[in-house]
Amino acid sequence: MAFHRCPDCGVTMEVTTVRSSDGFSLRIDTGKRDSLLGKLGVGGTASVDAICCPECGLVRFYADLE
Ligand SMILES: [Zn+2]
């Protein structure tokens, strides 16, 4: 993943894993299940990566579109 800085603190944000309490990784609905390219796979969902700011706790999500 690319290098990220917190927009509020300017410190480097750390990659983390976001899961539900029962251990499933989170996915987002891409809304593109009818895509002709089929790039996003069956069901139109994508996994997400998260980065967290160690200073203020801001968390950002990035969809894994590959
Ligand atoms: Zn921050």
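**Reading a zinc site and its strands**

Q: How are the donor residues of the zinc ion spaced in sequence?
A: A donor is an N, O or S atom within 2.8 Å of the metal (3.2 Å for Na, K and Ca); water is not among the atoms, so a site may look incomplete. Here, the donor residues of the zinc ion follow the spacing C-x2-C-x43-C-x2-C. This is a predicted model, in which local features need pLDDT of at least 70 and side-chain atom pairs count only at pLDDT 80 or more, while totals for chains, interfaces and linings use all residues. Residues are numbered from 1 along each chain as its sequence is written, and side-chain values use heavy atoms, with hydrogens and water left out.

Q: Which residues coordinate the zinc ion, and at what distance?
A: Cys6, Cys9, Cys53 and Cys56 each coordinate the zinc ion through the SG atom, at 2.3 to 2.4 Å. Cys6 and Cys53 link distant parts of the chain, being 47 residues apart. Cys6 belongs to the segment before strand 1 (14-16), and Cys53 to the loop between strand 3 (45-52) and strand 4 (59-63).

Q: What is the geometry of the site of the zinc ion?
A: Four donors count as tetrahedral if all angles lie between 85 and 135 degrees. The angles among the four donor atoms of the zinc ion are 105 to 114°, and the site is tetrahedral.

Q: Are Cys6 and Cys53 buried or exposed?
A: Buried means under 20% relative accessible area, exposed over 50%, and partly exposed in between (1.4 Å probe, protein chains only). Cys6 counts as buried because its relative accessibility is 3%. Cys53 is buried as well, with a relative accessible area of 2%. In the protein, buried residues make up 17% of the 66 residues.

Q: How many helices and strands are there in the protein?
A: Helices (H or I, at least four residues) and strands (E, at least two) are DSSP runs, numbered from the N terminus. The protein has zero helices and four strands, and the pattern read along its sequence is β-β-β-β.

Q: Which strands does strand 3 join, and by how many bridges?
A: Two strands pair if DSSP finds at least two bridges between them. Strand 3 is antiparallel to strand 1, with three bridges, to strand 2, with three bridges, and to strand 4, with five bridges. Thr16 has Ala50 of strand 3 as its bridge partner. Asp49 is partnered with Tyr62 in strand 4, and Cys52 with Val59 in strand 4.

Q: What is found in the hairpin of strand 3 and strand 4?
A: Six residues lie between the two strands of this hairpin, where Gly57 takes a positive phi near 85°.

Q: Where is Ile28 found, and what is its bridge partner?
A: Ile28 is in strand 2, and its bridge partner in strand 3 is Ala46. Ile28 counts as partly exposed, because its relative accessibility is 35%. Ile28 and Val48 are 20 residues apart along the chain, and their C-alpha atoms are separated by 7.0 Å.

Q: Where is Gly44 found, and is Gly44 buried or exposed?
A: Gly44 is in the loop between strand 2 (27-29) and strand 3. With a relative accessible area of 0%, Gly44 is buried. Gly44 and Thr30 are 14 residues apart in sequence, and 5.4 Å apart in space from C-alpha to C-alpha.

Note on methods. Four donors count as tetrahedral if all angles lie between 85 and 135 degrees; four count as square planar and six as octahedral if opposite donors are over 155 degrees apart and all others between 65 and 115; anything else is irregular.
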